[in-house]
Amino acid sequence: MPWPRVVAEALRSVAHPAEMGAASLTTHPLATTLQRIADAERAELPNAAAPAFLLPHQIEPWRRVTAALRGWDGALLAERPGTGKTWIALAIASRHDGPVVAMVPAIVRGQWESAAARAQLQLTFWTHERLSRGKLPPIDARLVIVDEAHRFRDLSSRRSRTMAPWLVGRKTLLISATPIVNRVADLIALLRLVVSDDALALDGTQRLTDLQQEIPTNSGLRRVVVRSTAVPPELFARRTEVINADEEEVRRGEAAVAVIGRLVLSESGSVRRLVRSVLLDAAASSDAALWSALHRYRALLLQSRDSGGASRAMLRRFAGEALDQLVFWPLLEVQPALGDLPHGDIAYLDRILAQPAPAERWIVDIAHRCADGAITTCFARHRATAQRLRETMGDSAAWVTGGAAGIGPHRMDRATVLAAFGPSRASWQSRRHVPLMLIATDVAAEGLDLHAAGRIVHVDLPWTAMRIEQREGRLLRIGQHHHRVDVVVRMPAPAIEAALAPAARIDRKSALTRQWLAALEFHPPACGDAASHVSTTALRDGGASATIVAVQLARGSRHGRMVVTRIAGTPWTSDLRQARALIDRARRAMPGVGRVDEQRQLIGEAMRAALGLASSEHHAPCAGLIARVHRLARRAAKERDAAVLARLDRLLRFAAASPTAGARSILSDLCAARDDELCRADVPDCPGVSPVTACVVGAIFLQ
């Protein structure tokens, strides 16, 4: 076969892009230039007609997701709970040719199947639970939809490690109303699943991990994270009532903290804090939950005594999945055994547990509040608390826990029980009387439609603000049967709040989440012409002169916008804080006139700086892999083995590209492969590196 050759005659010079862009600049008032710079960050959305089943407020996020999948092959749909994210995802699937796989929690699979049938779509459904067992879908889908994607924010979990490599080469839509659970790193981890590490390089963010150091205003995020501003106002018709601790609840909390305080727990500070947090968390819910946790702690002590020490695995089982976000497990003593737990606590526990858990007045108060006939959903983190509430409410209360469901003492199918509180409540006929109360653990806090209920009771506070939003999203959603949803929040006893601070923790995490999600909200662009805008202002404050230049960049199907700034005597930077500060100075300045040649020179420098910042650098997981591929390619070329050479060429492009989390996992495995395995490696094809093009959309000169 003929081999291509590069010869000097095939090369020709072109003008520098900065020189071409500077020639088209026109002078405009400062306000016009600022508006032009603001408009430049808006992505162009497709104008195709939306599927008929979408509601008006769902069309714009559908178009934005379509644009993100077209440009980046991945997107995160972060619309609020109850706004119809499922239908937006189904609209994406309806315009996609080929098989579509939806990764969903098992509890909402039936709901997804029903929606897909109404939309007349054929999807393959795969559950998160199967991924946690290491099982992947048996079909070669080109589009993957992952519901409740925040469950994959821990990239070291088995479900994430199973799914991430399989997503490579497939368009992927993540869905989560709460992508930030504890920290900004949660959002970054989700993005790493679906877009490359340099996905935001055209917007000045070299790597996704750099987002942890940035303020939440990177316009590139709005291209791959879709969250709207306009939502139906009826979704937020709510009234909140707080139940503060009365005198008896205050005494109960003090007694619970005293019981926990008499336990030694561990000589290791980290283990002692972990066990104490588990017990205090249970006490914040109820004495029944505390007694259950004390029983589990006693079992842990007995197991530790019999096995010669407590392992990290034993402690993780004791803490439970809900406490995972409290502990950075890799830092909790890495040795297999964590030392002896204090077996002397067993005798004290035996004396305490010989007594029944005391009666709790707060349950009677909640029962009294819910005796008005309003349809109510009560959420509790602990099964023991839910069980105690069931016993108080009697045989008419419905209940759902992790492994079972029923009404009163009678077990029933979980889907049947939940249907009594969903959109089909009016036709529910499984029993003579339709239940008025649903008592559920957080297994029912994600994805379900429970909008036949008009009141939600937070029996206890979860660990994160995300879980509160997920709980309330079961009722505050499209189709809510009531004109208003009443939200009742039971606050922890003061002694427990002082020791564990659950309410303060939720407030702190909620503030972080609100700040970021508000910054990600999309504002429709204003109309503007396509010409570049330039403004010159005279400074009033006597400070150093400065330049602000907004540059529109594109590489292949991707596009971005970068605002680069420079204060006289300092380098060019894309720091957003400096850009905002300089824009504030410009607003206080007076109109001025600048020299055109100097302005063109500065704009040329700004464009070169932007192009340099957009050229991201990354390091492959194995530095020697590319060298090995080059060596094998030379051997294959010498042997004229075109098939092997084609595979190695594809592998080289794959290794040189900026990786996703899944691609990084694949590359790590290839680093350990033998030469013959590398020659047979079949990796997704990556396009070659496209050149970056740039044009100036606005410039402000402060003189």
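Predicted model: local features only at pLDDT ≥ 70, side-chain atom pairs only at ≥ 80, totals over all residues.
Let's start with the rings: the count of aromatic pairs here comes to two. To pair, the rings of Phe, Tyr or Trp (its six-membered ring) need centres within 6.5 Å; planes under 30 degrees apart count as stacked, over 60 as edge-to-face and the rest as tilted.

Residues are numbered from 1 along each chain as its sequence is written, and side-chain values use heavy atoms, with hydrogens and water left out. Helices (H or I, at least four residues) and strands (E, at least two) are DSSP runs, numbered from the N terminus.

F53 is partly exposed at 28% relative accessible area, while W87 counts as buried at 19%. Buried here means under 20% relative accessible area, exposed means over 50%, and partly exposed is in between (1.4 Å probe, protein chains only). W112 and F125 make an edge-to-face pair, 6.5 Å centre to centre with 65° between the planes. W112 belongs to helix 5 (residues 109–118) and F125 to strand 4 (residues 124–127), so this pair ties together parts 13 residues apart in sequence. W112 is buried at 2% relative accessibility, and F125 is buried at 8%.

Eight strands form an open, mixed sheet in the order 8-15-14-9-13-10-11-12. Strand 8 (238–243) and strand 12 (410–411) are at the edges with a single partner strand each, so one side of each has no neighbour in the sheet. Strands pair if DSSP finds at least two bridges between them. Strand 9 (residues 376–379) and strand 14 (residues 455–458) run parallel over four bridges, and F379 has H458 as its bridge partner in strand 14. Across strands 8, 9, 14 and 15 (485–490) lies helix 18 (residues 465–473), at about 155° to strand 14. That angle is between N-to-C directions on a scale from 0 to 180 degrees, with axes fitted to C-alpha atoms, for helices over the stretch in contact; contact means heavy atoms within 4.5 Å.

Charges come next. A search of the whole structure finds 37 salt bridges, each a side-chain nitrogen of Lys or Arg within 4 Å of a carboxyl oxygen of Asp or Glu. In one of them, R369 and E241 meet at 2.1 Å, N to O. R369 is in helix 15 (residues 361–369) and E241 in strand 8, 128 residues apart. R369 is partly exposed at 32% relative accessibility, and E241 is partly exposed too, at 35%.

Which residue forms a salt bridge with D281? R381 does, with the closest N and O atoms 2.6 Å apart. D281 sits in helix 11 (residues 269–285) and R381 in the loop between strand 9 and helix 16 (383–393), 100 residues apart. D281 is buried at 7%, and R381 is buried at 15%.
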